[in-house]
Amino acid sequence: MSFIQWIFLFGGFAVVGPVIAHLLAKPRFRRLPFTMLRFLYTGQIESRSRRNLRDLLILLLRCVIIVLIAMLFARPMLYTKPKPQQTRPVYSLGLDNSISMAYTDGTDSYFDKLKDSAIDYIRSAKTDALFNICALASGDWSQGLSKEQALAEVKALKIETGSANVNDFISSLNRVSRSEHLDDEVSVLVLSDFTPNILKQFVDAEKPTVVDKMDYKLIISPEPVNNAAIIDAHVIGIIDGKLTANVTVANYGRVEQNRQLTARTGENKSAPVDINLFAQQRRTSQIQVRVDTAGPERFFLPVELSLSAGDGLKEDDTFYMGVSSPGHKNVNVLLAGNGADEMFLLKTVMDTISRKSSYDTLQIKQILVDDFALSDLKWADVVICSAVAEQLAYFASNIAGFIKAGGRFICFVKETATTEAARQLWQRDVLAALPGKCIHERTYMQPNPCDNRAFGVDNIAARALSNYRIDKILLKGYLECQQHPDSKCLWQFQNGLGFVYLKRLGVGVSILVNTSVDDSLGSLTKSNASVAFGRYLLGKDSQIGEYCFARNEQVMLPLSERQTSFAAQKQSWVQTCNGIKRRAAVADSFLLISDPGGTGWIKTLSKPTMWAGINLPEGETDMTKPVASELADIMNRVFPTGTERTVSAVEVLNNRKRTPIWKYFAWMIILLLLAEPAVANRLKR
Amino acid sequence: MTLLRMYHCPNSLNRDVLKREFSWEFICRGKTVKHNRKYLDPIFLSKLANMDLVARCAVEGFFSGLHPSPFHGFSVEYSDHREYHLGDELKFVDWKVFGRSDKLYIKQFQQETNTTAYILLDTSKSMSFAGDGLVRKIDYASFLAAALSYLMLSQSDSTSLVLFAEKVIKNIPPRSKRTHLNTILAALQYNRPEGRTNLAGVLHTIAETTKRRGLIILISDLLDDEEDIYKGLAHLKFLKHDVIVFHTMDHQELNLDYEGLIQFEDLESKAKIRAFPQSLRDGYRMRVAEFLDDIEKTTGKSNIDYCLLDTSKPLARALIAYLAKRKRMM
């Protein structure tokens, strides 16, 4: 028996109390003259001897109750060693049911061969053997199966569209061999095609799993592997109603590939592109497909890329890619500064961004902030001001209306900020923060934003900014800003003050950038990260987006402001790749789908329909055969045999059956508590 | 009821007030008779300093619920005539008969002698016990003795009072004068319980010293050897005495209703016992009941009237027992 909270055992010393009380206590009695003592006499002699006995009994009872209560609080556990069992063979089978096992060389698929081998192995085992079967891709782990059950399990096994997860198998096997079947003869059998992806996982296995017997079988075809796959695709842009994409195709086998690549979206199909690849060669090809644009609003397209038939594995010949386009609408960017020099760097950044094909055309207009007029506000989609100028105060209400209608107002602040203008804009809820006094103190920015999924900015660009190591850029000073209660600080200085503030107003956003005290709109616009910073500020609304995820990734679909508010009010339903309708979680401005249900399309069931393509991870169907000697070394290292399975004391303790016995203590206390007054009362009666 | 009418009911007490405040009832020959409880309540009586007042209150309170009736007393009654002989007193000559017949005849009366009552009052230390601290057994017994003395002297019975413990402490010889009551009451009032009980010895002494047979009224707690008590009582019966035993017991002596740890100290022997009365109560009651049953049976066999008195109860029961006995004697 042991105690979890043994410190409570010290409470048992409380028995000293009743013992001392018993020793010190003198019976309190009152003297009473009486006459008929002879009638009392017989009973008195009996009572006194009984009383002494019962006094001791009561004392004992009370001491036992105190000790038991102390032990109860200490949470007693009883360790019992399980009954020794007869040693019997335990076979753990790791069966690879990943997508690469669907490869067929003209006769049988790899997976059929795997099942045949597994069945033969099980049939050759002893009658009383136990089987643990782990499907490496699906992660299903069936334990303690009899021979018949194991055969049925293998026959019912199916290919999963995911990749094999070897780590789960190894860790489960480790647990089984060291605890549940410590005294049994544990054998392990791994049946797989040992693609580079799987082999890498075996190599990366942290610690070996000692077994009594290890076996593995390489399921491969004697013929050269004939397999090509589309492994990646990126949208270049949509020009003149044609979507242009770069598609990477790899030849994972030894057979030369002469295939045709086509793209299809809706009814539109591209002209086939010839793909000619030698063994182990990969190439990126450009393909164009006509898209039906749906007007100026953002629209989603499911673009399916496919290779013509001709290899042994057709599952990796299709690539699914969701594409979003901001629509055929120019994004008008108004740059308002105090002079041409001041906005030079920012204009360069915008020009650079506008040349990127993933953006729709950016129309850039540069004005002096003193010439800021209402007509400019009506023209612009994005207004970038170099400072909080006095002129802006005159248009405070107009700017507020501009933002509420969906405009983006980006304002830099400088040392010479006009306090009165800033206050008026602040009162109109235009500014995300109220700039205060300038602090001439050198500082650095935080390396990462406060929120990786912030609303209203391009979070991918934020990651790019982090890669530029902007935390190494020295800033000469900053303004002490008072954050608006409705705004959010997206990025901070290392001293904790805010660098970028964002405030939502209507369906638009207002961004305040607490740049620096120099005259170049901050050191960022001068650095290599200037373009990324520009993208970060412009957000993703004007970009072409592509949504294709690997099978093991979490699917995140961006929501517009309107969609975010709509999704927050109502449940968002999506249809996953296996055709099942599921609820999707909404976090910040993203729709999150944890289990895509295979490969294919995920689409939202609300309008506008959003598409996301789910594909096999890159390299999943790389059928390169492993070198036999290397494979043997790896497997022997991962599953060493002939070594005694060392078990730590903790594991031995864990292996023993722990039975909490506090219930018995509680019942004993209850019974003694009931008995104690009964004994005491009997004495007094 | 006819018996009760023999006694007068004093008009000096405001009967209405007493009935309203202290009335209690008992059934007598099918009729309900109300008595004034206050004047029979031992607690009330214990507050009266004057024993004479105690006696009056007890007796008159007892009769206050009855119909007022003339007190007849035990006068001589005409029996027969006989011829005059020399030496006869002339006052008994029936002169009317002499006038009619010219012969001297003497009126003969049936002589009814008054009885002599001996009240034996136990004044041993055990009689000083007061279970609930209200009325001591000696007080209760004294009230009873006073009331009986008052009654008996009112009837012109000779009354004697014997106070005893280990031996006879005081012996007031029998007298029938009304002034004798004062002597008895004074003895009762200034009596202090002392000494151990030697009831058997005292009974034998009384039996040997009484010259006339009469009514022996024993008021005691009978805390002595039972066999000796029976022998003493048998001695009295042998001498043709009528005997009434008023067994005076405290409520606690009968029931042992104490709680908690108590050290009992014997009043006479000074022995000590420490015990929880709760644990002894059942056995104690059983043994006391056996003791009382034994006394009752033995006295019944000897034609001795036995009356167990609880000191927490009024005196009426004792008075009724006495009157019943007195009637049987007539």
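**View 1. Chain A at a glance.** Chain A contains 17 helices and 33 strands, where helices (H or I, at least four residues) and strands (E, at least two) are DSSP runs numbered from the N terminus. This is a predicted model, so local features need pLDDT of at least 70 and side-chain atom pairs count only at pLDDT 80 or more, while totals for chains, interfaces and linings use all residues. Residues are numbered from 1 along each chain as its sequence is written, and chains are lettered from A and ligands numbered from 1 in the order in which they are written. Take the contacts in chain A between residues at least 6 apart in sequence: 75% of them link residues at least 24 apart. A contact here has C-beta atoms, placed from the backbone, within 7 Å.

**View 2. Helix 3 of chain A against helix 4 of chain A.** Helix 3 (residues 110-123) and helix 4 (residues 147-155) of chain A pack at about 180°, with axes 10 Å apart. Axes are lines fitted to C-alpha atoms, for helices over the stretch in contact, and angles run from 0 to 180 degrees between N-to-C directions. The two helices of chain A are therefore roughly antiparallel, a label for angles over 145 degrees. From helix 3 of chain A, Lys115(A), Ala118(A), Ile119(A) and Ile122(A) meet Lys147(A), Ala150(A), Leu151(A), Val154(A) and Lys155(A) of helix 4 of chain A. The residues of this contact comprise 6 nonpolar, no polar and 3 charged; Ala, Val, Leu, Ile, Met, Phe, Trp, Tyr, Cys and Pro count as nonpolar, Asp, Glu, Lys and Arg as charged, and the others, Gly among them, as polar.

**View 3. The largest nonpolar core.** This core has 92 residues, and Leu95(A), Ile230(A), Val303(A), Leu305(A) and Ala612(A) have the most contacts inside it. Such a core is a set of buried Ala, Val, Leu, Ile, Met, Phe, Trp, Tyr and Cys residues joined through C-beta atoms within 7 Å. Strand 9 (residues 228-239) of chain A gives the most to this core, with 7 residues.

**View 4. Strand 17 of chain A and its neighbours.** Strand 17 (residues 331-337) of chain A has 6 of its 7 residues buried, so it is largely enclosed by the rest of the structure. Strand 18 (residues 362-368) of chain A runs parallel to strand 17 of chain A, joined by 7 bridges; pairing requires at least two DSSP bridges. Here Gly337(A) stands opposite Leu368(A).

Definitions and conventions
Parallel < 35°, antiparallel > 145°, perpendicular 65-115°, else oblique. Contact = placed C-beta atoms within 7 Å. Buried ≥ 20, exposed ≤ 12 C-beta atoms within 10 Å, placed from the backbone.
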